[in-house]
Every structure is written in C-alpha cells, then in structure tokens.
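I opened the file to look at helix packing, disulfides and strand pairing. My notes follow the model.

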Amino acid sequence: MTKSLTLFYILIIASLDEILTKPGARYAQYDALFVARCEASCWMMENKSLCIKSCLASEIRKPGNCPPINSTLSPFAAVCLNICQRDSQCPGFSKCCHHTCGITCQQPLDLQYAVGIPDIPTQVKILEGRRKKIIYITWNPGKLGNFDEKAGTVIYLIEERHHPGRNFIESHLSEWIPCSRTIKFSQILKHLVKPGRWYQFRVAAVNSNGSKGFSESSQPFSMSLSPKPPKAPENVTVGPLWYLNGSLNAELRWSPPSSDLPLYKYKVFWSRRLHGVKALDSVLVHQQVIPRDQNHFMLHNIQPNSLYFLQVQALSQFDKERLKGDKSGLVLNTTNYTNLTDNSISVNPNAINRIEGLHMQKLYWFQGDLRARISWKGKKNSTRYTVTWWAGSCHARRSEKNSFKLAATTKTSHFDLYDLQFNCRYRVSVRENLPETMKIMQDTSVTFTTPSCKRFKKFNNQDL
C-alpha cells in the first residue's frame, strides 16, 4: 500500500472517530447501545448512514437468555401486559421476554458467557488535562480472545453522571447520560466537564453482536478549577409597547447565559431618567427577583417621553457561596413611542365601542401568496367591519416610497390579508360600521412583521 493511500485511510478513520464523539445527535430517539451496535455493524460499509438507518429499523436479538417463564419478577413487571414485541424495543441490555401472563422487558441471564462479544472494560480512570475543561479517559479493554473476529469493529460507549456541589454525594448524582463514543481504548473530552461539579464515568464495549454491559463507575472526579459566576444573559430585548388601563407596558426578554453551575435565579433592574436630567441622575432604581426557569419580565406603568436603563443579571449558588454574574443592559426610549414594534396594539384608551381582542392569528402560504389571518372579538350588533392594511418599512427596500394601502369589508370577526411580502412590517386597522347611520366608529390597529422567506420555509416545514 502506498504512503498516500495509507494516509487516506488514517484520515478516514480519524474523521469517523471524531463523529462518534457526539453520540445520539442524529439518532436521539434510539437507545444509545442500539445505535452503537448498528454503527459497529456498518463501520466498513460504503454508505454508512443508510446502513445504520436500515439497522435501526430492523429486528435484532440481544445477547443473553431470557429468564424462565415462571421465574419471579418484580411487582411492577408482574402485571399481565404485553409491552414489547422485539428486543430493540427494550432499553439498555434488557430483552423482550415471556413470563407467566405477558411479555415484558427483562434483564437477561448468562450475558457474561455470551460468545462473540467483547469483554466489559475495567479500570476506568480520569485525568485532568493541562488546558482548561479537557479531561482524558482511559480504560482496560480486557481480553479480546473471546471475541469473534467476524464481528468486526468494537465501539466504546462512554456515559457520565454528575451533580453540582463542593462535596461528592452519590445520592445527588444525575441519571447516566451518553456523552461520547470511540473505537480507541481512550478518549479526550473537551468542554464537557465544568468546574464546581462532581462526575463519574463508565464504559461499555459494543460490537455487531451486542454488549456484555458497562464497566464499574470511575472514581468521583472534580476539576481543580473553581467555578466562575454566570456570564451575562444574552439576547436581551424589549418587546412591543402597549397601553393597558391608560399606562404603557412592555415585556423584557433574554436568553440564559452559559454557566459552570446551574442558575439559581435572575435579577432585573430598571431605572428611569428624565429628559434634561444629567446623565448620572436616576429618578429611581427598581429591582425584581425572577425564577431561574423564567426568561421574561413584564414592565408596567412605563412613562412616555422617558429613557429607561434596563439590566438583567444571572446568579448561581456554590454551597453557601452566591456567584453573581455580569449584567446585560440596554436603553429603552419611550419618546414618541419609537419602540413600538411587532404585534403591538395601538388604541385610544378613552375610546368607546372600539374593537377588542385584535391580533394576528397566523401566517400562511396559499396559491403562491403570503397571507395573514387577523381576528378580533365580534359584536352582536355589528353587521360589517372595515379592514385596512398597509406596508411600512421593508428589509429589502431602503425607502418606503413603494408602500401600498389596501382596504376591504367583512361581516365576520376575522379576515385574511393578502398580497403580503417577506421581511416587511405591516399595520392593520379594523373599525366597526354601524348599520343605522353607517358612521365609522373608533378603529383599532395592530402591527406585525413578516419573517424572511428562508425563516418562513423553516417554520412551514415544521407545520407552524
């Protein structure tokens, strides 16, 4: 074999091994051991992906023997139910087995004596790398003499469990989670282990015939680095302004930041500055504690013609020590309502007989036309509504000279807008026509922005 051809095969194996370090991303709905077994079976196939898909859809038998039909089962397994039809429907190493009054997933017998399957790895060890958040996992693969050479490649499936805290407490550990696969007898894991957490690892050897089980858990491992406070929250935005009971309101939103430890809570700060007041003079600073699973906060009683400084901070807990992250901030300007944005409702709070519940219900594609359905709360005495819509700024246009205005009437409490364009902001007005005098009453309007064509196609493929 030539030197260049040898190098080619080395690169192929290296690239495939790199793919294996991210288990379950493509086949997340399948059991990790099942996926590893199919990958081992298809390792030398030319079209590996197609082979794996075919394998996952097939009926395979797991090694080991089913317990006797009249054997004693746990109280939960003894219920007379048929919960499986084949081994691949059972998790982990369990097999689909008959018992006295049904078919259930049961742990096999004599698995350690199965022929043609690699031994269970032993001596799993964890070493911390010199670089940050890199660890090395090594293990003893055992004797491969009891291994059928026709079975082909052996894949090592690595799982981890962990818990945060300064001290290791086994009862606090999470469930076992697959984290990597490799064809080597060791593995490098980057950015998986975080400071301030305790970890344990285990390894299973899998080939096309199956696996005998996982190794014993490694010794508890924690990085020497101290945990850092959370980063600043990301994607902090202010949603549309709207009137409610005569005052302006808005919604503050953000995305969770990266953190070594689980987030404990958020803090939201907001302060108002008046026009003409010196930059360092705040009228009043407010703060509110937000649960860690909530990424939004409603700002009530916002004053017009004002500047607001908004901040969001994430906090984590390391035993009794509280770690405060950096703050993300932005300025909200309510002058002339310049921050009115998508899906905002504009009404006169003192108006009577106005339309209520106006909102954009959905965007959809119909016979080559982008359309939007708007709906509102109908009135019993109304026989006709006037709907007017026009385009404002569009991302594809630098000016608004080409904006257009359309109007229609309807007897129903909904209407489908037509001739819409992508990446445009629209304003829709609905008003009631009274049948007695045909007088046009106070109108209500809603604004919304259509997505880009690419984004719309993505959502449409998901049946949104």
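**Ground rules.** I am working from a predicted model, where local features need pLDDT of at least 70, side-chain atom pairs count only at pLDDT 80 or more, and totals for chains, interfaces and linings use all residues. Residues are numbered from 1 along each chain as its sequence is written, and side-chain values use heavy atoms, with hydrogens and water left out.

**Helix pair.** I took helices (H or I, at least four residues) and strands (E, at least two) as DSSP runs, numbered from the N terminus. I looked up H2 (residues 32-41) and H3 (residues 48-56): their axes come within 9 Å and cross at roughly 130°. The axes are lines fitted to C-alpha atoms, for helices over the stretch in contact, and angles run from 0 to 180 degrees between N-to-C directions. H2 and H3 are therefore oblique to each other; under 35 degrees counts as roughly parallel, over 145 as roughly antiparallel, 65 to 115 as roughly perpendicular, and the rest as oblique. The H2 and H3 crossing is right-handed, meaning the near helix is turned clockwise from the far one by less than a right angle.

Which residues make the contact? I found Phe34, Val35, Cys38 and Glu39 on H2, and Lys48, Ile52, Cys55 and Leu56 on H3, with contact meaning heavy atoms within 4.5 Å. By class, I noted six nonpolar, no polar and two charged residues for H2 with H3 (Ala, Val, Leu, Ile, Met, Phe, Trp, Tyr, Cys and Pro are nonpolar; Asp, Glu, Lys and Arg charged; the others, Gly among them, polar).

**Disulfide.** I counted five disulfides, each a pair of cysteine sulfur atoms within 2.5 Å. One of them joins Cys38 to Cys55, S to S 2.1 Å. Its S-S torsion is -75°, so the link of Cys38 and Cys55 is left-handed. Cys38 lies in H2 and Cys55 in H3, so the pair ties together parts 17 residues apart in sequence.

**Sheet.** I then followed three strands, which form an open antiparallel sheet in the order E3-E4-E7; two strands pair if DSSP finds at least two bridges between them. E3 (122-128) and E7 (186-190) stand at the edges with a single partner strand each, so one side of each has no neighbour in the sheet. I get an average twist of 20° from one strand to the next.

E3 pairs with E4 (residues 134-140) over five bridges, and Glu128 has Ile135 in E4 as its bridge partner. E3 and E4 form a hairpin with five residues between them, and Lys133 in the turn has a positive phi of about 60°. E4 and E7 also pair over five bridges, with Ile137 opposite Gln187 in E7.
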